[in-house]
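Have the picture open as you read.

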Amino acid sequence: MSSKFDVVVIGAGPAGYVAAIRVAQHGLSVACIDAWVTDQGEPSFGGTCLNAGCIPSKALLESSELYHRAKVDFGKHGIGIRELSLDLAAMQARKEGIVRQLCTGIGALFKANGITGLSGRGRLLPENKVEYSPHDGESELIEAEHVILATGSEPVELPAVPFNGTTVVDSAGALEFDAVPERLGVIGAGVIGLELGSVWQRLGADVTILEAMDQFLFMADEQIAREAQRQFKRQGLDIRLGARVRALETTGSGVRLAYEDTHGGHDISVDRVVVAVGRKPCTEGLLDPLCGVAVDERGFIDVDNVCRTTAGNVWAIGDVVRGPMLAHKGSEEGVMVADLIAGEVASMDYDIIPSVIYTSPEIAWVGKTEAELKAGGTAFKTGTFNFAASGRAQAMDQGAGLVKVISCVETDQILGVHIVGPLAGELIGEAVVAMEFQASTEDLQRTIHGHPTLTEAVHEAALSVDKRAIHAINH
Ligand code: FAD
Ligand code: NAD
């Protein structure tokens with residue numbers, strides 16, 4: 001192996017592997033070092049996203065949704081099932097198959113692009129040297145013109161509720177249950193709590209989610225969060241807000257969680273607990289004290305608006321730096337950094353990063369919320385459209401939820417789009433493109449949408465901003 005490369009990337013998650021591929025597309029030599037190994041001890045590229053995050057969670061969300069719909073909804077379509085059964089082992093095997101296929105695919109992409117994929121740990125030394133320690137072998141030094149740090153994040157542990165891998169698990173553990181728990185406790189009603197809580201609830205668990213904040217989904221638009229909360233309640237998800245967990249006690253059949261809210265102390269007894277209270281950047285053992293890379297007070301690697309660290313020719317991207325912990329945010333940073341290294345002009349607009357929560361109904365948004373615009377003193381107008389009036393949504397038996405478009409009063413520019421409803425994660429793409437092109441509300445109003453599609457709800461919400469919705473009464 002050559003011990004000198006134009007670029008060395010540490011971490012092969014969606015930030016690091018995408019950066020490596022883009023660097024290679026520029027004709028530069030690149031090595032990508034990744035530490036991930038499977039439970040069977042096999043190296044596996046793809047990071048959290050492919051191995052224990054986005055992909056396996058979406059596989060289980062899809063399977064559990066199908067099971068739930070077969071159980072609850074099929075009757076309405078006139079489809080009768082004599083005996084519905086759940087083979088969790090097969091469901092898990094399907095998920096594992098998808099994960100293995102996609103992770104192997106990253107190795108194939110590395111090969112096709114001439115990228116040297118290295119399995120083991122990387123450590124940044126002074127003067128852009130990287131110490132590479134393979135899982136089974138001697139460490140060696142690699143020199144690089146540029147280094148990209150993309151080591152990702154790991155779950156936050158609560159001191160009062162330490163992980164034990166069996167009754168108290170993190171998100172990775174919650175993707176691997178081999179039996180549906182009768183009673184599942186989830187700490188944190190954030191993205192992971194809601195997605196994985198939904199998976200196990202659909203498969204039959206009694207799920208209680210304890211959330212420390214008084215406000216549900218505080219990062220989402222309030223109207224959208226309210227509607228989502230209403231839907232989750234109807235589904236039987238027991239979400240308790242303002243609940244601060246104080247202690248955990250192991251009982252014969254599971255665990256008891258003691259928590260406090262404004263009404264006093266309470267406890268719940270459950271078989272298993274998933275702790276999903278956020279993630280923290282991974283920098284342990286990564287940075288030699290003399291390498292010149294600064295870390296902020298929360299442990300994130302300090303970067304400027306184009307992901308330059310405080311050390312020359314060292315860049316950092318993805319979950320290990322500020323900004324939302326989202327796969328597509330890290331990937332886009334990877335592309336930007338690779339282009340900058342190759343001498344191109346590149347930047348990214350952090351205001352137009354879509355968020356998607358893959359519950360049922362899905363929740364998705366891009367741009368500003370009403371609360372953010374009020375706080376910033378921007379005059380805005382809003383339009384909404386309920387999926388109840390969408391022919392396609394009704395045909396799909398998914399008439400709950402709405403689309404909301406927020407626009408600037410002065411310029412008519414679209415400032416935010418917020419959706420709770422069927423395939424919201426797909427629908428938000430149209431809003432992202434519109435906002436990327438700084439579209440006005442009128443642009444969206446005059447865009448022809450196919451019929452009958454869910455996208456008509458986005459169109460109608462844009463029309464509703466100016467009280468011109470066709471299939472709703474304009475107030
Ligand atoms: P990671 O994916 O964490 O990859 C970092 C890699 O670096 C890892 O392989 C790690 O082993 C390796 N590494 C760490 N230190 C070293 C070292 N010193 N040397 C070598 N290698 C090292 N985001 C979405 O956008 N959509 C979703 O639907 C979504 N679902 C999620 C579901 C779950 C359950 C979880 C946990 C997360 C989810 N996320 C989702 C978040 C998403 O997974 C992360 O934002 C994304 O993986 C971050 O990418 P990254 O490349 O920065 O880091
Ligand atoms: P999160 O930040 O989304 O939610 C954590 C929740 O836990 C918050 O609501 C917070 O108020 C609550 N909390 C914090 N401390 C608590 C405590 N002591 N007791 C009770 N509640 C507490 O974090 P997450 O759900 O762990 O997800 C981690 C990251 O992974 C997020 O940044 C998210 O963007 C990413 N992720 C994204 C997706 C997606 O894009 N669909 C899916 C899963 C994860």
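Helix α3 (residues 54-72) and helix α4 (residues 88-112) have axes that come within 9 Å and cross at roughly 145°. Axes here are lines fitted to C-alpha atoms, for helices over the stretch in contact, with angles running from 0 to 180 degrees between N-to-C directions. Helices (H or I, at least four residues) and strands (E, at least two) are DSSP runs, numbered from the N terminus.

Who makes the contact (heavy atoms within 4.5 Å)? On the α3 side you'll find Ile55, Pro56, Ala59, Leu60, Glu62, Ser63 and Ser64, and α4 brings Met91, Gln92, Arg94, Lys95, Ile98, Val99 and Leu102.

## How to read the numbers

This is a predicted model, where local features need pLDDT of at least 70 and side-chain atom pairs count only at pLDDT 80 or more, while totals for chains, interfaces and linings use all residues. Residues are numbered from 1 along each chain as its sequence is written, chains are lettered from A and ligands numbered from 1 in the order in which they are written, and side-chain values use heavy atoms, with hydrogens and water left out.

## Domains

The protein chain splits into domain 1 (2-154 + 280-348), domain 2 (168-277) and domain 3 (352-465), with bounds that come from an automatic or database domain assignment. The centres of domain 2 and domain 3, taken over C-alpha atoms, are 29 Å apart. Their contact takes 16 residues from domain 2 and 19 residues from domain 3.

Between them, domain 2 and domain 3 bury about 1,400 Å², 68% of it on carbon and sulfur atoms. Buried area is the accessible area (1.4 Å probe) that two parts lose on being put together, summed over both.

## A serine in α6

Ser198 sits in helix α6 (residues 191-202). Is Ser198 buried or exposed? Ser198 is buried, with a relative accessible area of 1%; buried means under 20%, exposed over 50%, and partly exposed in between (1.4 Å probe, protein chains only). Leaving aside residues up to four places away in sequence, Ser198 touches Leu61, Gly193, Leu237 and Thr359.

Most residues other than glycine have a negative phi, and most peptide bonds are trans. The bond from Ser360 to Pro361 is cis, with omega near 0°, and Pro361 is in the loop between β17 (355-357) and β18 (362-367).

Asp397, not a glycine, has a positive phi near 65° and counts as partly exposed at 29% relative accessibility.

Conventions:
Contact = heavy atoms within 4.5 Å.
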